[in-house]
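This report examines the fold, the packing and the chain contacts of the structure shown below.

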Amino acid sequence: MPKITYVDADGTEHPVDAKTGVSLMETAIANNIDGIEAECGGSCMCATCHCFIEGDWSAKLPAMESEEDEMLGFAAEERRDSSRLSCQIKVTDDMEGMVVHLPAEQN
Amino acid sequence: MTDPVVIVGGGQAGVQLCLSLRKSKFDGPIVMYSAEADAPYHRPPLSKSFLLDKIGEDKLPMRPESFYPAKSVALHLNQAVTSIDLDARQVLSGNDRQPYSWLLMATGAAPRQLPVDGAELSGVHCLRSLDDSRAIKARLNEVDSLVVIGAGFIGLEVAAAARSLGKNVTVFDTADRVMARAVAPAISQWYQDMHLQSGVSLRLGEAISSIGGNNGQVTHVNCADGEVLDAQMVVVGIGVIPDAGLAEAAGLHCDNGVVVDEFCRTSDPFVFAAGDCANHPNPFAAVDRLRLESIQNATDQARVAAANIAALASGGAAESSSLTSYKAVPWFWSDQGEHSLQMAGLSFDADEYVMRGESTANSFSMYHYRSGKLLAVDSVNMPRDHMLARKLIEAGVSPGAEQAGDSAFDLKALLPSKA
């Protein structure tokens, strides 16, 4: 149960106990974090679960598949180097303490 | 205290209305009625990953149970609304009367029934609800052969899922190609080849005349040409009928669904409608109004309804000119087997099709044009083309046929630069 903190665009922090094996998107939804919309339910169709994972944390993430890469180019908030789709990342034990920043707009 | 916003129907549009109302800082009470026992859930997996046990029921709810109290939404499951009193602004559920300030009709649609003898036999299924999917999943485990009636998205998704479980699958459709109403002919052809290759039997341009059984259980279908085909299960996917009975009985203007204006407002100013049940004007359609059956339409119409309810509730929108209108580009998707089909725009009466990529490479798109204007793009395993198509259509940009057909040409360069 790694602790992961989601941070809204306005700086509000939401620390949650994440379950390993569940996606970062599902973890946000399960904890009623509104900054993730996930309109398509995790099918990698909508780019409304966009998040930013900075610095060393990004090394703990699975490599990006081309589908995610392409969808990110069309996210509502402009893509950054740290951009990921949270539906494509499963929580692992080594994410203890990870910080996930959320964009102001998903749609 | 103001009366709540009441939502009739526990689906995609209803949940989105809650989300969007709260996001817009609307803080009045919200009450949601659903006739189903299950809290609002994702429907797309019901015809694919859920059937294949790739995801369990725990993954289906759209939001956790805690969402509803957290958002001050009173969710009434297993509670159908029985009538609506527009004059009193109340919905009735049995003997309960619930007043509303604004009402959202999000009643969705019901599967069209197959009008043949034997359609009532056990083992004949349609697929709309979680209960339908549970029943199909349970039955699939016990049968060798199934027949699918209707080569639309749902029928083909179920066919592909069943085939991957090793079942004998035969799909019937009276049209001469699959997904005939939805995609370009070249896309139909590619999917026909794909399904045939995986071992699905396609009977296009053919109908069944009846379903036969024994002891109330399906055993076979009788084809229109007299052939008898063994099947212990039949899945019917021949479209849906909007669920507008309640709205019609209440006196709302209905015609192929609940008629709404561009603000998602019905003929009663205090009642909105969104999703599959809403017959609406759409700037991307060649017809005056239509219904769309998609996540995108349900979600985006609910956003529009929420914006307008929130504006009206705050007293800030006495004039129609300050209301939000629905003008989102329609998009759809269908996962069949391992392949992703994504569609953007509405293709009506296209007079020209342009292919981008090679259909033999299993990832390509078809651009639909009418009089040189880009109407729609169907993409097979090409998410980039799809996302770009949504932007192009939204911006009203029509790439020339040569540009669309040239994979080396960067279509993104045609988009107006972001301000």
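## A hairpin in chain B

In chain B, strand 23 and strand 24 form a hairpin, with four residues between the two strands. Asn362(B), in the turn, has a positive phi of about 65°. The model is a predicted one, and the values reported here are computed from it.

Strand 23 covers residues 352-358 and strand 24 covers residues 363-370 of chain B; the two pair in the antiparallel sense over seven bridges. Within this pairing, Glu358(B) stands opposite Ser363(B) of strand 24.

## Overall form of chain B

Chain B contains nine helices and 25 strands. Its C-alpha atoms fill a box of roughly 65 × 60 × 35 Å along the principal axes. A compact globule with 419 residues would have a radius of gyration near 22 Å, and the 22 Å of chain B therefore agrees with that expectation.

Of the 419 residues in chain B, 48% are buried. Among contacts in chain B between residues at least 6 apart in sequence, 61% join residues at least 24 apart.

In soluble globular proteins, nonpolar side chains tend to be buried together. The largest nonpolar core here has 93 residues, and those with the most contacts inside it are Leu146(B), Val148(B), Val158(B), Ala159(B), Val171(B), Val234(B) and Val235(B). Helix 4 of chain B (residues 153-164) supplies the largest share of this core, eight residues. Apart from this core lies another, of 58 residues, which includes Val5(B), Val15(B), Ala250(B) and Leu312(B).

Beyond its neighbours within four places in sequence, Val235(B) is in contact with His125(B), Leu127(B), Ile136(B), Leu146(B), Val148(B), Gly155(B) and Val158(B).

## Helix 4 of chain B

How many of the 12 residues of helix 4 of chain B are buried? The count is 11, so that the helix is mostly covered, as a residue is buried if 20 or more other C-beta atoms lie within 10 Å of its own. Among the buried residues are the charged residues Glu157(B) and Arg163(B), together with Phe153(B), Ile154(B) and Leu156(B). The cover over the buried residues of this helix includes helix 3 (130-140), helix 5 (185-197), strand 10 (145-149), strand 11 (168-173), strand 16 (233-236) and strand 21 (331-336) of chain B.

Gly166(B), with a positive phi near 90°, follows helix 4.

## Contact between the chains

Chain B meets chain A through 15 residues, which are in contact with 14 residues of chain A. On the side of chain B that touches chain A, two or more residues each come from helix 2 (67-70), helix 7 (295-313) and helix 8 (383-395) of chain B. Helix 8 gives the most, with four residues. By class, this side of chain B has eight nonpolar, three polar and four charged residues.

## A buried serine in chain A

Ser83(A) belongs to strand 4 of chain A, residues 83-85. Because 22 other C-beta atoms lie within 10 Å, Ser83(A) is buried. Leaving out residues up to four places away in sequence, Ser83(A) touches His50(A), Phe52(A), Leu72(A) and Ala75(A). Ser83(A) and Glu13(A) are 70 residues apart in sequence, and their C-alpha atoms are 19 Å apart in space.

Notes. Residues are numbered from 1 along each chain as its sequence is written. Chains are lettered from A and ligands numbered from 1 in the order in which they are written. This is a predicted model: local features need pLDDT of at least 70, side-chain atom pairs count only at pLDDT 80 or more; totals for chains, interfaces and linings use all residues. Two residues are in contact if their C-beta atoms, placed from the backbone, lie within 7 Å. The radius of gyration is taken over C-alpha atoms; the globule rule is 2.2 Å times the number of residues to the power 0.38. A nonpolar core is a set of buried Ala, Val, Leu, Ile, Met, Phe, Trp, Tyr and Cys residues joined through C-beta atoms within 7 Å. Two strands pair if DSSP finds at least two bridges between them.
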